[in-house]
Amino acid sequence: MSNTHAARVNRRDFLRLSGAGLSGLLLYPSGQALASMPAESDLAILYDASKCIGCRACERACKTHNNLPEPEAANTELSPTAWNLIAARGGVDPDNQPFFNYQCMHCTDAACAMACPSGAMAIDDRGFVSFDQERCVGCGYCSQFCPFGIPQLGTVNLITGEGRVAKCTFCQDKIEAGTGGPSCAEACPTGALTWGERGTLLAEAKTRVSELKAGGHSGALLYGEEEAGGLHRLSILLDQPSAYGLPEDPGGSFFLARLYRKIVQPAGMAAFGVALVGVVTAYGLARRNIHMEEVE
Amino acid sequence: MSVRLKGTDSVVHIRWIPRYTGLERFLHWVHTASFIPLALTGFILFLPVLGCGAGCLAVRNLRILHRIAAVIFGGTPIVYGLLQPRRLLMHVREFFTFCRYDIQWLKAAVPYYLLGRHAAMPPQPRFNTGERLNALVMIVGTAAFGVSGLGMWFGKGLIPANLYLALLIIHDLAFIVTFAMFIVHFYLAVIHPMMWQSLVSMRFGYVSESYARKHHARWYYGRERAIRLWEQHTAEGGE
């Protein structure tokens, strides 16, 4: 009697437990797919907007290394053939600092990798978001989930939906071969783009922000230390993120991607499982209890 | 139709009653034939574990099959509405009509389908409560598939990303509900030992008079008479 009473869960407890379980599913990292916190030794790129002169050497180096076609006119938007872009997206004061380098932000909480059904987008052990074009099935989910609008889907045929996605890979081929790092950072003549271990770059960036503030740039800030779980493309900005077209809180789409993968799809599989087990059990009971000679 | 029982002189007279038109049966099977490849090809994006299991090139091509099947699936009710609008309207009106007998039917359905106890089953119209629930799920599901599917197909990159994500989740929820219902519908219509006449009616268009009287009394007798007979039957406590 007392055990029964002790085991009884009232409605408030049930709601509390359900809420905790749901939150856990959404917030608990999914092991291999995503790391919970970026490590100091992860690889990262640091972009310093105050040093960028908009020479587009990064764009050209990216195209050369990845065998991407050179356009007749300069790219104005990211595309399947432009993975690195110097542009002014957010209406930055042109007299102040008009340029920003747009490329994959390599989020720790990468909504693209969470949403990708084929494993083409994945979190590399070294922290960046790798991309395997051969595995891409062209669903375009990554292009819709990314809070920065980075992966671009090139739709070849609107009727068949045939298309391929492409984005910055952190020059993963060079990293894997040990022959260097991201070509954009290696080509930058002013040191606006550098690469290395994330912990080291973070320390450098914080020092640089302090220097900029001391030098009169009161709006200088570091973007990417904690956004979307911590970016592996850190940015030193001279103004608010919105001035560069960057979201203040890019974590929302990761929540949606997690909801999609961790709640909606498992719930679907559970529903199918319950339906299948239900009909098999029902069939067993029906066969045992229903006498066919009585069936009209 | 008269049938002589094997090895005896007994003759059984079976009166067949038309239940579905030829077009209804044809479109039902077209709808089924398009739903299955839609579900199978949809599973590949729904379940990441399948991912590129069939080969990434194959997955890319399966998307075309998904779109062809989707057009057939969505076009079927439109063709029905164009060719037999009165029948469609009549059925839809019945699908959306529920009364207290439907609650009784749901309560009695478990002992009926599991144990074969028919006594508590209240009189039903042309479509019983389960069939109407299945139809409702399919109508709402098809509409949800249509809106979300067309939005994702033609709106990718054009509509706001959050709207796209909402459509994706609606598409998946519609799939979850309709596929779970499809499993139950398939079991009851094809596998369940007592429902063979239902399958026969969707094949040939007819049910026997005795089946109609027992399972769809409100359709066979008319609503008033069927309810009167049912109340009389339950008052007598008869089987």
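This is a predicted model: local features need pLDDT of at least 70, side-chain atom pairs count only at pLDDT 80 or more; totals for chains, interfaces and linings use all residues.
Two residues are in contact if their C-beta atoms, placed from the backbone, lie within 7 Å.

Start with chain A. It holds nine helices and 10 strands. Of its 296 residues, 39% count as buried. Two domains divide the chain: domain 1 covers 43–250, and domain 2 covers 253–290. Their C-alpha centres lie 40 Å apart. The two domains do touch: eight residues of domain 1 of chain A are in contact with six residues of domain 2 of chain A. On the domain 1 side, helix 4 of chain A (residues 111–115) supplies the largest share, three residues. By class, that side has seven nonpolar residues, one charged residue and no polar ones.

Now follow helix 9 of chain A, which runs over 252–289. How does its span compare with expectation? At 1.5 Å a residue, the 38 residues of helix 9 of chain A should span 56 Å, and the end C-alpha atoms are 53 Å apart, which agrees. The kink is about 30° and is centred on A:L259. Several residues of helix 9 of chain A are buried, among them A:S253, A:F254, A:L256, A:A257 and A:R258. Further along, A:Q265, A:G268 and A:A286 are buried as well.

Helix 9 also matters for the contact between the chains. That contact takes 37 residues from chain A and 40 residues from chain B. Two elements of chain A give two or more residues to the side that touches chain B: helix 5 (141–145) and helix 9. Helix 9 of chain A gives the most, with 16 residues. By class, this side of chain A has 22 nonpolar, 11 polar and four charged residues.

Next, the core. In soluble globular proteins, nonpolar side chains tend to be buried together. Here the largest nonpolar core has 81 residues. Those that touch the most other members are A:A111, A:C112, A:A115, A:V129, A:C142 and A:F145. This core draws at least three residues from each of domain 1 and domain 2 of chain A. What does A:F145 touch, not counting residues up to four places away in sequence? Its partners are A:A111, A:C112, A:A115, A:S253, A:A257 and B:L165. A second, separate core has 12 residues, including B:A70, B:F73, B:A174 and B:I176.

Read along the sequence, the pattern is β-β-β-α-α-α-α-α-α-α-β-α-α-α. The C-alpha atoms of chain B fill a box of roughly 70 × 45 × 35 Å along the principal axes. Of its 239 residues, 27% count as buried.

B:H66 sits in helix 2 of chain B, residues 56–83. Is B:H66 buried or exposed? The cut-off for buried is 20 or more other C-beta atoms within 10 Å. B:H66 has 21 of them within 10 Å, so B:H66 is buried. Leaving aside neighbours within four places in sequence, B:H66 is in contact with B:L38, B:T41 and B:G42. B:P37 is 29 residues from B:H66 along the chain, yet their C-alpha atoms are separated by 7.0 Å.

Terms used: Residues are numbered from 1 along each chain as its sequence is written. Chains are lettered from A and ligands numbered from 1 in the order in which they are written. Helices (H or I, at least four residues) and strands (E, at least two) are DSSP runs, numbered from the N terminus. Ala, Val, Leu, Ile, Met, Phe, Trp, Tyr, Cys and Pro count as nonpolar, Asp, Glu, Lys and Arg as charged, and the others, Gly among them, as polar. The expected span of a helix is 1.5 Å times one less than its number of residues. The bend at a residue is the angle between axes fitted to the seven residues ending there and the seven starting there. Domain bounds come from an automatic or database domain assignment. A nonpolar core is a set of buried Ala, Val, Leu, Ile, Met, Phe, Trp, Tyr and Cys residues joined through C-beta atoms within 7 Å.
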